[in-house]
Amino acid sequence: MAKMTNLYDVSKCTACRGCQVACKDWNQLPAVIEPFKGNYQTHEDTNGDTFTIVKFIEGEDPVDGVYWNFIKYQCMHCSDPACMSVCPQGAYSKTSWGATYHDPEKCIGCQYCTYACPFEIPKYRAREDKITKCTLCVDRVEEGLTPACARTCPTGALKFGERDELLQIAEERAKFLRANGFPRATIYGKVELGGLNKLYVLTDTPDKFDLPLDPKVPGQITFWQNWVQPYFGWLIPIALGGSAISFVTTRILANKNGDHTEGGHE
Amino acid sequence: MQWIPEYKGDVPRVERFNFLSRFTHWGHTVTFLLCLFTGLALFLDSADWLAAIFGGFHGAGLVHRIAAVAMTIVVVIFVIGNFKVVIAWIKDILRFGKNDIIFIMLFPLEFLGFKVKVPPQTKFNGGEKGNSMITPTAVIFLILSGYIMWVPSIFPAGLVRLAYPIHDISMVLATMMVCMHGYLGSFHPGSGESFWGMWKGTVREDWAEHHHKTWYDETYGDKASGE
């Protein structure tokens with residue numbers, strides 16, 4: 001099946017946060033009230049009951065001066081998700097059309113995924129001792145609907161469809177933006193981490209939108225997953241096996257020598 | 001076939017481990033093994049059968065945490081309540097020298113049951129010194145990384161990520177040593193009285209002199225000071 005995803009065009013977004021509300025509504029997520037932090041952003045980060053947020057990023061560029069950006073932020077549905085590889089319970093799976101789905105039934109709340117994720121997206125829901133995150137509305141899409149966020153978007157900043165088609169639209173849009181006042185306009189998600197199942201058209205470089213320029217699975221996690229987990233544990237059966245061999249040989253040698261004392265070195 | 005040597009109460013015996021040492025040793029044994037088997041359920045990637053013993057993964061997680069706290073308490077009791085013994089232990093480990101190296105080089109032969117001539121050993125022989133270095137270090141790392149993984153949100157993300165491989169490496173090293181230690185301290189014929197030393201606290205005097213000559217001489221023999 002063709003990869004299905006959301007294209008988010010930041011140049012069309014008015015930061016109305018309709019997507020945030022629609023997401024809460026469809027996924028039946030209770031409100032999380034966070035204290036006012038001096039800007040328009042409702043939540044510091046995604047959390048156990050908030051799968052998507054609109055980030056408000058204020059900054060100062062030495063050349064262009066002050067800028068004020070907003071961006072919809074949620075799970076990037078990586079093609080080779082780190083969360084899936086570290087999960088000891090196999091709670092994560094990839095759907096045939098590219099969504100990274102987390103099954104709360106299998107989750108045991110170990111939070112390995114939170115720290116393996118290059119975007120730290122999976123969040124811990126303490127009251128259930130489980131991890132939660134954006135599902136790309138698996139339940140809606142598999143019934144032929146569009147994700148709640150994309151359906152509600154009033155400006156067309158969010159568009160759901162086949163990734164290949166959306167990528168073409170994104171390329172054209174980025175080209176248009178570059179020629180019309182946004183010389184640094186770019187696409188995010190096309191090549192990052194081998195291609196994310198989430199596409200962004202940005203009016204500036206990704207770092208101006210709080211996105212990592214070159215997202216990577218943390219080195220500690222790859223070392224742990226690729227070296228420690230598969231190979232290191234073999235020391236235990238080796239120790240057990242050695243003891244078993246010794247148990248037999250010591251007794252064989254003792255019998256051969258006709259030695260029935262408590263043994264030991266002389 | 002004899003599994004472990006018979007306990008002989010009617011021969012001269014000398015103390016090897018005091019009560020608190022033995023109490024915390026076996027307390028540590030129980031809590032460590034509980035942590036090990038509940039933890040392996042995750043390390044082995046979905047060992048459902050192992051988790052089932054503890055009532056599923058949530059049960060195993062709960063047992064793991066309770067046993068971990070108990071283990072921490074046992075370690076703290078040992079270090080604080082038995083401070084002098086701990087210092088003496090560390091001093092003995094630091095005496096690692098020529099005789100210990102010879103012991104370790106000959107050890108594979110003795111391990112398999114060949115008779116070897118070993119130079120006099122202090123309270124802990126070369127192999128025991130190795131175990132005394134590796135296992136407590138691994139356990140300290142296990143405890144520290146474990147609490148970090150328990151409440152990751154209050155620690156920097158980089159530290160939490162580091163805690164995962166550290167917890168696994170320490171677990172494997174400690175478990176490897178525990179396998180060897182458990183076998184050598186019980187069923188290995190060459191170890192003789194060691195088991196009774198940790199179970200009853202005393203060992204046969206002749207065994208002590210034979211296996212740990214330096215320690216015996218300094219503590220109970222001619223070189224014993226002020227006793």
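Tutor: Helices (H or I, at least four residues) and strands (E, at least two) are DSSP runs, numbered from the N terminus. By that scheme A:Thr14 is in the loop between strand 1 (4-9) and helix 1 (18-26) of chain A. The model is predicted: local features need pLDDT of at least 70, side-chain atom pairs count only at pLDDT 80 or more, and totals for chains, interfaces and linings use all residues. Residues are numbered from 1 along each chain as its sequence is written, chains are lettered from A and ligands numbered from 1 in the order in which they are written, and side-chain values use heavy atoms, with hydrogens and water left out.

Student: Which residues does A:Thr14 touch, not counting residues up to four places away in sequence?

Tutor: Contact means heavy atoms within 4.5 Å. On that basis A:Thr14 touches A:Phe70 and A:Thr155.

Student: How many helices and strands are there in chain B?

Tutor: Chain B has 10 helices and 2 strands, in the order β-α-α-α-α-α-α-α-α-β-α-α from the N terminus. Along the principal axes, its C-alpha atoms fill a box of roughly 60 × 40 × 35 Å.

Student: How many residues of chain B are in contact with chain A, and how much area do the two chains bury between them?

Tutor: Buried area is the accessible area (1.4 Å probe) that two parts lose on being put together, summed over both. Here 46 residues of chain B are in contact with 40 residues of chain A. The chains bury about 4,200 Å² between them, 63% of it on carbon and sulfur atoms. B:Lys115, B:Arg161 and B:Tyr164 supply 17% of the area that chain B buries against chain A, more than any other three residues.

Student: Which side chains meet in a salt bridge?

Tutor: A salt bridge is a side-chain nitrogen of Lys or Arg within 4 Å of a carboxyl oxygen of Asp or Glu. The count between chain B and chain A is 1; B:Arg161 and A:Glu120 meet in a salt bridge at 3.1 Å, N to O. On the side of chain B that touches chain A, helix 7 of chain B gives the largest share, 17 residues.

Student: How is the second largest pocket lined?

Tutor: On a 1 Å grid over the protein atoms alone, a pocket is an open set of points where a 1.4 Å probe fits, with protein on both sides within 12 Å along at least five of seven lines; lining residues have an atom within 4 Å of a point. This pocket is lined by 36 residues, and B:Gly39, B:Leu42, B:His64, B:Met149 and B:His167 lie nearest its centre. Elements giving two or more residues to the lining include helix 7 (219-231) of chain A and helix 1 (19-43) of chain B. Helix 3 of chain B provides the largest share of the lining, 9 residues.
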